[in-house]
Amino acid sequence: MDKNDNTQLDTLLEEIAQEQPGFTYDRDSIAAENTATASLLKRVPMKVLAILGGLLGMGTFIGFLLAAGLYNSSVGMLFLGLCGLVGAEWLIRTNKEAAVDSVGVSLYITGYALLAVGIGQLTDSITGAALALACASAVAIGVSVSAIGVFLAVLVLNGSLLSLIFSHEVYPLAHGLIALLALILTYLSLNEARLIAASRRFALVLGPVRMGVIFSLVITLALFVHQKFFSTTITYFWVSSLILIACLLLLVYRVLRDVAVFSPKTKLVVYTCAVLLLAPFILTPSVPGALLILLASFYIGHKPGFWVGLLALVYFIILYYYDLNMTLLSKSGVLVASGLLFLGGFILLNNYLKRHAD
């Protein structure tokens, strides 16, 4: 931590101590944790490169297995998959160098892939492979000390649940998966400080789990939008939309409470604007889902999640506009009306908050 960061931390701690006379803290531990977090954020590009390197490494290794004919042995594939997962965790625990991340990611991805193929060949069932991956990823979330490992495990777990839904054609359960992801994201965002203080394990996995849930939610919502490419028949989109909108309104409630807005009139205006803005998307859960990611990330100051939510929002709104069964003039009118509604809501909310602050 540099001198400027030290000054900001001391100032913040002093302000909290003045507002809360009984507040006690360990300044050195907080500074060390802040330094570790800052270092992790600075290495985000390296994490992305590590994942890309891991994908390339997995492709090379899988190609070697295919060339050697080892894919014919289901037991061998299962054994290699377990070795890959255990080896990745051991390597990351024993070596802290950044270059090891690429090797660890390669082993993680290869391990999951080989495990799925091995179990699939043994059971001759997609269900068996999906359940095995779900169990392996759940164990990884519980014991892994690698941020990338936990992130990949969350994605694998979500993919396993999706494969079970699609393989058994129980498409209505997709709404349950959306609800689960939305509730987890909302809970993590509203209780971040409490979870971090609860245990060191929560503090370690909270960030990668949150990012995994965000990406899982975006991927699942994208399947809703592009289900024609997967020959699915997901219906009753309003169910997912209502759940996502409810989570959004809960976040809005917490934001108003945190900024000390207690006026019933102000709350009524804010909630009314929120409902009016979200009403046109009642049959398009992808847009409320992207807004939930955006607001949840903004609420806790999580920049990577904020940018993912923003990009997802732009993409889903473009698709929403493209899929409207209207003429070009009608589509333009919808966009103009929506834009005016957003601007009007922002102006009203801004004016009410300023008046309340004054």
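How close do the axes of helix α11 (residues 237-258) and helix α12 (residues 264-278) come, and at roughly what angle do they cross? The axes of these two helices come within 11 Å and cross at roughly 155°, where axes are lines fitted to C-alpha atoms, for helices over the stretch in contact, and angles run from 0 to 180 degrees between N-to-C directions.

## Model and overall make-up

This is a predicted model, in which local features need pLDDT of at least 70 and side-chain atom pairs count only at pLDDT 80 or more, while totals for chains, interfaces and linings use all residues. Residues are numbered from 1 along each chain as its sequence is written, and side-chain values use heavy atoms, with hydrogens and water left out.

The protein chain has 15 helices and zero strands, these being DSSP runs (H or I, at least four residues, for helices; E, at least two, for strands) numbered from the N terminus. Of its 358 residues, 39% count as buried, with buried meaning under 20% relative accessible area, exposed over 50% and partly exposed in between (1.4 Å probe, protein chains only). Among contacts (heavy atoms within 4.5 Å) with a separation of 6 or more, 69% involve residues 24 or more positions apart.

## The pair α11 and α12

With the crossing angle given above, α11 and α12 are roughly antiparallel to each other, a term for angles over 145 degrees, whereas those under 35 count as roughly parallel, 65 to 115 as roughly perpendicular and the rest as oblique. Helix α11 passes α12 in a right-handed crossing; a crossing is right-handed if the near helix is turned clockwise from the far one by less than a right angle, and left-handed if anticlockwise.

Ile 245, Leu 248, Leu 249, Val 252, Tyr 253 and Leu 256 in α11 meet Lys 267, Val 270, Tyr 271, Ala 274 and Leu 278 in α12. By class, this contact of α11 with α12 has 10 nonpolar, no polar and one charged residues, where Ala, Val, Leu, Ile, Met, Phe, Trp, Tyr, Cys and Pro count as nonpolar, Asp, Glu, Lys and Arg as charged, and the others, Gly among them, as polar.

Leaving aside neighbours within four places in sequence, Val 209 is in contact with Ile 141, Val 150, Val 154 and Leu 188.

Helix α10 also packs with helix α13 (residues 286-300) at an angle of about 165°, with their axes 9 Å apart, which makes α10 roughly antiparallel to α13. The crossing of α10 past α13 is left-handed. By class, their contact has eight nonpolar, three polar and one charged residues.

Asn 158, Leu 161, Leu 162 and Ile 165 of α7 make the contact with Leu 173, Ala 174, Leu 177 and Leu 181 of α8.

In the loop between α7 (147-167) and α8 (173-190) lies Glu 169, whose phi is near 55°, a positive value in a residue other than glycine. Glu 169 is exposed, with a relative accessible area of 57%.
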